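Hi,

Here is the structure I promised to pass on.

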Amino acid sequence: MKTAIITGGGQGIGRVITQYLLTHGYRVAIWEADTDALAELREAFKASYAQILFVSCDVSSEVNVRKAAEQTISHFGQIDALINNAAIMIEKPLDKLTLDEWNRVIGTNLTGAFLCAKHIAPYLALQKGTIINMCSTRAFQSEPDTFPYSASKGGLLALTHSLAVSLGPDVRVNAISPGWIDVSALKKKAKAKPDELRPEDHEQHPAGRVGHADDIARMVLFLIAPENNFITGQNFIVDGGMTKKMIYV
């Protein structure tokens, strides 16, 4: 049975990816910094305990990542896939954004992916495994006041092809860039509140709807499948066509 690590697997897209991996026969190590989300996940996935390892981990800390890697390999014995999904966003005007806030976002979203790749790549190489970096359409376009998030995702895009070239052919590395994915109901209980999406929210997408976390999870399954081993160094935009749409006022 193959083993996958997913960072930030306790909420949002990460939680749905976790569910998809479990139902498709993977053992899953969930690395999550939010202890409340991790506790809720333990309760929700009781029936799958034999396939899951719950790890409290702040991916911006190399000490944390090293310990989590050791714990995972000790528990499962092998690692076949790493999904670098953990991310945070701080939205503030440029003159209000502090250096500590900038560093916190970059540390989690970009440095965290680097650290996880650094400490997991040797195990992945043994299995001819794969890394998926969860990027974003914000690597290519922005809304106001998303400086560290957009910068981190742009960096993650470049890190993806750098890792692919450096780690191949033993490890494949790709990125997925979600667009508007509605995860409002997939957060921990204290923050879960389904958005009331309007018809125009859906209609502005060429695909006719706002995205679901399942759309991203299915792409993850496609990219980690061994039969797709000719795909590496690529970024897959899953956004309902929004980044291809010209908008005129």
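**Thr130 and its surroundings**

The side chain of Thr130 comes within 3.1 Å of the backbone oxygen of Arg172, a polar contact (a pair of N or O atoms within 3.5 Å; within protein, one must be able to donate a hydrogen and the other to accept it, and residues adjacent in sequence count only if both atoms are side-chain atoms). Before I go on, some housekeeping: this is a predicted model, where local features need pLDDT of at least 70 and side-chain atom pairs count only at pLDDT 80 or more, while totals for chains, interfaces and linings use all residues. Residues are numbered from 1 along each chain as its sequence is written, and side-chain values use heavy atoms, with hydrogens and water left out.

Back to Thr130, which sits in strand S5 (residues 130-134). Helices (H or I, at least four residues) and strands (E, at least two) are DSSP runs, numbered from the N terminus. Thr130 counts as buried because its relative accessibility is 2%; the classes are buried under 20% relative accessible area, exposed over 50% and partly exposed in between (1.4 Å probe, protein chains only). Leaving aside neighbours within four places in sequence, the contacts of Thr130 (heavy atoms within 4.5 Å) are Asp80, Ala81, Leu82, Leu124, Val171, Arg172, Leu223 and Ile224.

Leu223 and Ile224 bring us to helix H7 (residues 213-224), where both are among the buried residues. In H7, 9 of the 12 residues are buried, so the helix is largely enclosed by the rest of the structure. The buried residues of H7 pack against H1, strand S4 (81-84), S5, strand S6 (172-178) and strand S7 (235-238). The length of H7 checks out too: its 12 residues should span 16 Å at 1.5 Å a residue, and its end C-alpha atoms are 17 Å apart, which agrees. The expected span here is 1.5 Å times one less than the number of residues.

H1 is mostly covered as well, with 9 of its 12 residues buried. Among them are Gly12, Ile13, Gly14 and Val16. Just after H1, Gly25 has a positive phi of about 90°.

**Empty space**

What is left open inside and around the fold? Rolling a probe the size of a water molecule over the atoms shows where empty space is left. On a 1 Å grid over the protein atoms alone, a cavity is a set of points where a 1.4 Å probe fits but cannot get out, and a pocket is an open set with protein on both sides within 12 Å along at least five of seven lines; lining residues have an atom within 4 Å of a point. Grid points are joined across faces, edges and corners, and a volume is the space filled by probe spheres set on the points.

The largest pocket holds about 1,800 Å³. Its lining has 49 residues, and Ala87, Ile88, Met89, Tyr149 and Val183 are the closest to its centre. H1 gives the most to this lining, with 3 residues. By class, the lining of the largest pocket has 18 nonpolar, 16 polar and 15 charged residues (Ala, Val, Leu, Ile, Met, Phe, Trp, Tyr, Cys and Pro count as nonpolar, Asp, Glu, Lys and Arg as charged, and the others, Gly among them, as polar).

The second largest pocket has a volume of about 200 Å³. It is lined by 14 residues, and nearest its centre are Gln127, Lys128, Gly129, Arg172 and Pro226. Arg172 is also the residue whose backbone oxygen the Thr130 side chain reaches.

How many cavities of 30 Å³ or more are there? The count is 1, and the largest cavity has a volume of about 40 Å³. H4 and H5 are the elements that give two or more residues to its lining, and H4 gives the most, with 4. The lining has 5 nonpolar, 6 polar and 1 charged residues.

Thr7 is one of the residues that line the largest cavity. Thr7 lies in strand S1 (residues 3-7) and is buried, with a relative accessible area of 2%.

Cheers
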